[in-house]
Amino acid sequence: MYGDCQVLSSMVGGGGNAVVSPDSLFSSPIQNPSSLGFMANMPPFHAFSSIIPKEEGMMVMGRGVSKEEEMESGSGSGGLLDGVLSCGEEHDDELLQQHSLLPPPPSQQQTGGKNKKRYHRHTARQIQEMETLFKECPHPDEKQRMKLSQELGLKPRQVKFWFQNRRTQMKAQQDRADNVILRAENDSLKNENFRLQSAIRNVVCPNCGGPAILGEMSFDEQQLRIENARLKDELERLSCITSRYAAAPPLGHMPSPLLIAPSLDLDMGVYSRHFNEPPPFEMISVAATLSEDLQHSPFAGGLIVLDQDKPLVLDLAMTAADHLVRMCNAGAPLWVRKSGNVEVLDLEEHAKGFSWPMELKQQNGGEFRTEASRDTAMVIMNSITLVDAFLDANKWMELFPSIVSKSRTVQVLSSGVAGGNGCLQLMHGELQFLSPLVAAREAYFFRYCQQNSEEGSWIMVDFPVDGFVEGVQTCFPWYRRRTSGCIIQDMPNGYSRVMWVEHAEVDDKPVHQVFNQFVSSGMAFGATRWVSTLQRQCERLASLMARNISDLGAVIPSPEARKNMMKLSQRMIRTFCSTVYATGAQSWTALSDSLDDTIRVTTRKNTEPGQPNGVILTAVSTTWLPFSHQQVFELLTDEQRRSQLDVLSSGNSLHEVAHIANGSHPRNCISLLRVNAASNSTHSVELLLQESSTHPTGGSILVYATIDVDAVQVAMSGDDPSYIPLLPTGFVISPAASDSATAGCLFTVGTQVLASAVPSAKLNLSSVTAINNHLSSTVQQITSMLAGAAAEQPPPASAPATEQSHA
């Protein structure tokens, strides 16, 4: 699986069904059912419904007749009742033979005494006569049965049993017809109930303009209203205080988050675009700070589902799960396959067959864009561990570090049973793309988990909160998470097959021209990006939990040291992802008015462990390159070719001293690189911690950070590496949109420098100019090297010309 690194055997655990989950982040109390030994010797279990047909079981239970009587009763008219009839005399004789009162017949004596019953069917005339009487009198008395039996040559009890069976059949047919009618009426009433409940929640008091109070309130609802009123008063008070110092309107009437200028003298007045604006760097978003504190209260903005609404949410969850299953199993015309093997939802076909019971309101009447895609992947993690990760907000973030920037569980509406089956949660999530040019997406949504034990699969579905959570204000463009999620199917050897559907509605606001086609096509947040990230993270976690390790050596002497290095690298990746995207609490600034300029810079003060203390300057740039993302990735991961890039190596060569494989691709690894600089000595060695990862359709990422020898020794000794300061730099390479006319990739460079070790220091213009020039030189040198390599490649050999025969 892992090529030269040979860690496949350690993942699979010697060929068994290994449960792949990390010890800390993905430890699940439920073991893999496939690995339990006590089920091996049990006989196969068959459900009762598979042994007795439904209609036959209904008839037998309905009339309370024994099996012998049913055989003797024969058959009625049509299908089920046109069956087998045994004679009464033969039945009596058989009972006497069973009690040894009569000798067995000669035929049974010759065949070893086996008790064989002889059957015959009713004639067409007998059935016709009994049907005629049944239409006139379904319940004949004893005299009528006696007369009919004499006319037809049957026994009275045979006629009696025939009429019993015929009445049972008529009742079953009527019940089925009634069930169809009642089911349709139930669906209609359920939709009407949803509509009325939504209308009740939106009733407005004509006197005060506030929400109307219908009936008597419960004690819990009274407490919620009191707490909500107190929080509103507190918010208004803080807004007034903020407006005094910032000379801005109150928070409730602001079109955008309030920004307070920092104490840093950023000396950015040389740019004409900022003459009438506050200094752009390190702007503290007061609105974001206040809202973040208030959002963590379960009472803020009514972000809690009341008890009387929980049954409605559960009904919606079952509807969403049904929609997700149908969307996963459907093909054309619901899904249209486009170039690049990407499946996109046909919105007209979806509207015909997937109506949502609740009314979905549009925000501010603005235009929105629908994004819907589907993809499938095989991941090296069992379904139990995946379900546990999806239902835990922190584990969900760790499973998708480059997509989920923030996540929390607001309310657990139903905890379900063991393993998560039936679990229903109200969640909040912030989805990111690794560039400040693409706005993040924030939403509240319900998450529901359902197990299909017959097929051995799990359904994990998200659906919108419209009608239950209203009036949530965010600093990001409007975003609604429609029915999205995945179906997880267990496969052999601890693998799972994941089919993912991503369906969302987002405010159709313009983005930077370099990302316009990529975002509008749905690739920025589409299903392919989710499943590719899941594949890479599952491979990484499998490597983290591996036992038979072949990449230990002098630098990484033990499995514990290896695990610490992987955790340190994971924190480096997480730190990089959290600092290069367009977060609501951070302000990014362009350094020129040109539309082609993609460089954005920002600063922040850091006093937390894990990064250097002081003022950190961050700069990010995105460029379109006419090369595939694999070509760019191969260049950056080749130590020899990379050392030729002066902006990255300063003319020094790199040498790999430790290697940890964490994926199927040989370049998916964690490396410890030694910088062979002339200034290095035996007492001063400069090291780079680097992690690289690539996927055929999901793009590539490479992140590295300088680390000293003492920090490496701390990690190797088994101590906690969470306090080792890291300031990562990285590259994000995204493949071109599937409908792009030209091949290429989006190349994003993000770098961080410690501008000053004093948090209150002043940042001058020279630091900004230096990092701006560094990014520009990096992109230029990489482009030139790739262009030179493409020119050196020989053209493809042409096919030899065929010799033509001449007459």
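1. Gln-752 counts as buried, with a relative accessibility of 5%; buried means under 20% relative accessible area, exposed over 50% and partly exposed in between, with a 1.4 Å probe and protein chains only. The residue is found in strand β21, residues 745-756; strands (E, at least two residues) and helices (H or I, at least four) are DSSP runs numbered from the N terminus.

2. The model is predicted: local features need pLDDT of at least 70 and side-chain atom pairs count only at pLDDT 80 or more, while totals for chains, interfaces and linings use all residues. Residues are numbered from 1 along each chain as its sequence is written, and side-chain values use heavy atoms, with hydrogens and water left out.

3. The side chain of Gln-752 makes a polar contact of 3.1 Å with the side chain of Arg-604. A polar contact is a pair of N or O atoms within 3.5 Å; within protein, one must be able to donate a hydrogen and the other to accept it, and residues adjacent in sequence count only if both atoms are side-chain atoms. A polar atom of the Gln-752 side chain also lies 3.0 Å from the backbone oxygen of Pro-728.

4. The largest nonpolar core has 83 residues; such a core is a set of buried Ala, Val, Leu, Ile, Met, Phe, Trp, Tyr and Cys residues joined through side-chain atoms within 4.5 Å. Among those with the most contacts inside it are Trp-396, Trp-500 and Ile-707. A second, separate core of 34 residues includes Phe-194 and Leu-413.

5. Helix α17 spans residues 527-544. Because 18 of its 18 residues are buried, α17 is largely enclosed by the rest of the structure.

Definitions and conventions: Expected span 1.5 Å × (residues − 1).
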